[in-house]
Amino acid sequence: MKLFAGLVLILIISGFAELPAQEADYYFIFLNSNPDKKELSQEETDSIQSAHLDNISRLAQEGKLLVAGPFEGGGGVFILNTGEYNEAEEWILSDPAVRAGRFRIEIIPWKPVAAKPCLASADANMVKYSFVRYVPHLTKFNIQQSPLLFREHDTYMDRVRSAHDVITYGVFVPHDGSVLIVKGEPDKELIMKDPTVQEGMLYPDFRTVWLAEGSFCQ
């Protein structure tokens, strides 16, 4: 599988005083397709892609990159083995495809709740998983309800997780949504009944991702 292609760094941080602060264990990187990327020749594209893959291998060998995989339809994800933003930014900017503007990048602190990221073996098979990103949508009209609704969401996620074969689940901190990765098709009806989703405070973005088998462990 070919991986990724941008350079707009977005750190999503919007904590609330009513909620307890959490420390990030890792940084979750979204490599979003960049519709405004420069047109390149096939030779230039292939060269950048090759350098991109070489850099992934180097970061993994150095223990900096634990998980990497593409989304169907373009873009992909990294999970970096650091809880420090400056390190995460430095490591992601070492990617030739990122420096060439092939992606729009989000760098988000992440804390696993179920199954932490592990470095898979170099010869592991790439496996297709269902990926759900809970994207927060906070406004001046709903922010007062956020502490209660986020607690309800945390409780409801126990029900969602028990209904799926979960690969991992983790939250963006402080309180900026979460990611659920499961085997098979997600129960979209169950997910959409989440009280926080019903109130429009979280939006579930359903994707398909390819990850190396063994990318997450207990």
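I took contact to mean heavy atoms within 4.5 Å. Helices (H or I, at least four residues) and strands (E, at least two) are DSSP runs, which I numbered from the N terminus.

**Ground rules.** The model is predicted, so I kept in mind that local features need pLDDT of at least 70 and side-chain atom pairs count only at pLDDT 80 or more, while totals for chains, interfaces and linings use all residues. Residues are numbered from 1 along each chain as its sequence is written, and side-chain values use heavy atoms, with hydrogens and water left out.

**Whole chain.** I found six helices and 11 strands. I called a residue buried under 20% relative accessible area, exposed over 50%, and partly exposed in between (1.4 Å probe, protein chains only). By that rule, buried residues make up 47% of the 218 residues.

**Helix 1.** I then listed its buried residues: Ile48, Gln49, His52, Asn55, Ile56, Leu59 and Ala60. An α-helix has 3.6 residues a turn, so residues three or four places apart point the same way. What covers the buried side of helix 1? I noted strand 3 (65-70), strand 4 (76-80), helix 2 (85-92), helix 3 (96-99) and strand 5 (103-114) among the cover. The face turned away carries the exposed residues Glu43, Asp54 and Gln61. Just after the helix, Gly63 takes a positive phi of about 75°.

**Cores.** A nonpolar core is a set of buried Ala, Val, Leu, Ile, Met, Phe, Trp, Tyr and Cys residues joined through side-chain atoms within 4.5 Å. The largest one has 20 residues, of which Phe28, Phe30, Phe131 and Phe216 touch the most other members. Strand 2 gives the largest share, three residues. Leaving aside neighbours within four places in sequence, I found Phe28 in contact with residues including Val77, Ile79, Trp110, Phe131 and Phe172. A second, separate core of 19 residues includes Phe150, Met157, Val173 and Leu180.

**Thr196.** Is Thr196 buried or exposed? Thr196 is buried, with a relative accessible area of 0%. Not counting residues up to four places away in sequence, Thr196 touches Leu149, Phe150, His153, Met201 and Leu202.
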